[in-house]
Amino acid sequence: MKEIILTIHILLATLWIGGMLFMVFVLSPYVRSLPNSVEAFQKVGKRFSLIGTFIGLPALLITGIGNMHNLGITFSDLLHRTSPYASTLHDKVHLFLLTFILALIHDLYLGPRSHLNEKFRIATRIIGVINLIIGILIVFLAAKLRFGG
């Protein structure tokens, strides 16, 4: 069962980070050349938001807790940073919570208003890039955990 939970966790993380990388490197350059680029971004963003933010991130949280349980790490271990592993996991969890909050701000507040003016478009883009950077840092911390923290 622990292998299944970890596999689901990795697939969800791949969906989340891969989706953001796709948006930045593939979709954005193409869509910006379209006459209705804001509308196209919003349609794709709504779809990705549903799958990535509202399904993927809660599922990542659940599978992450399952992985902690399978490894014998408690919430007390995280809070007290009882080992290098728990300390790195503590940082990863906090970055995940930050990315979750930023995703909600991006998807529920900024993104739906990005068609209103340039201020909202720029803020949406900035929060998206910050979230991508945090996501990559989370992947780095996951790799660090693989080698003991």
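This is a predicted model: local features need pLDDT of at least 70, side-chain atom pairs count only at pLDDT 80 or more; totals for chains, interfaces and linings use all residues.
Figure 1. Ser28 is buried, because its relative accessible area is 9% and buried means under 20%. This residue belongs to helix 1, which comprises residues 2-31. Apart from its neighbours within four places in sequence, Ser28 is in contact with Met23 and Phe41.

**Figure 2. Packing of helix 2 against helix 4.** The axes of helix 2 (residues 37-71) and helix 4 (residues 84-113) come within 11 Å and cross at roughly 160°. The two helices are therefore roughly antiparallel to each other, since angles over 145 degrees are classed in this way. Their crossing is left-handed. Helix 2 contributes residues including Phe54, Leu57 and Leu61 to the contact, and helix 4 contributes residues including Phe96, Phe100 and Leu104. The residues of this contact comprise 15 nonpolar, four polar and two charged.

**Figure 3. Salt bridge between Lys43 and Glu39.** The N to O distance between these side chains is 3.4 Å. Lys43 and Glu39 are separated by about one helical turn, because they stand four residues apart in helix 2. Lys43 is exposed at 56% relative accessibility, whereas Glu39 is partly exposed at 42%.

**Figure 4. Salt bridge between Arg81 and Asp91.** The closest N and O atoms of this pair are 2.8 Å apart. Arg81 lies in the loop between helix 3 (75-80) and helix 4, and Asp91 lies in helix 4, ten residues apart. Arg81 is partly exposed at 35% relative accessibility, and Asp91 is partly exposed at 31%.

Key. Residues are numbered from 1 along each chain as its sequence is written. Side-chain values use heavy atoms; hydrogens and water are left out. Buried means under 20% relative accessible area, exposed over 50%, partly exposed in between (1.4 Å probe, protein chains only). Contact means heavy atoms within 4.5 Å. Axes are lines fitted to C-alpha atoms, for helices over the stretch in contact, and angles run from 0 to 180 degrees between N-to-C directions. Angles under 35 degrees count as roughly parallel, over 145 as roughly antiparallel, 65 to 115 as roughly perpendicular and the rest as oblique. A crossing is left-handed if the near helix is turned anticlockwise from the far one by less than a right angle, and right-handed if clockwise. Ala, Val, Leu, Ile, Met, Phe, Trp, Tyr, Cys and Pro count as nonpolar, Asp, Glu, Lys and Arg as charged, and the others, Gly among them, as polar. A salt bridge is a side-chain nitrogen of Lys or Arg within 4 Å of a carboxyl oxygen of Asp or Glu.
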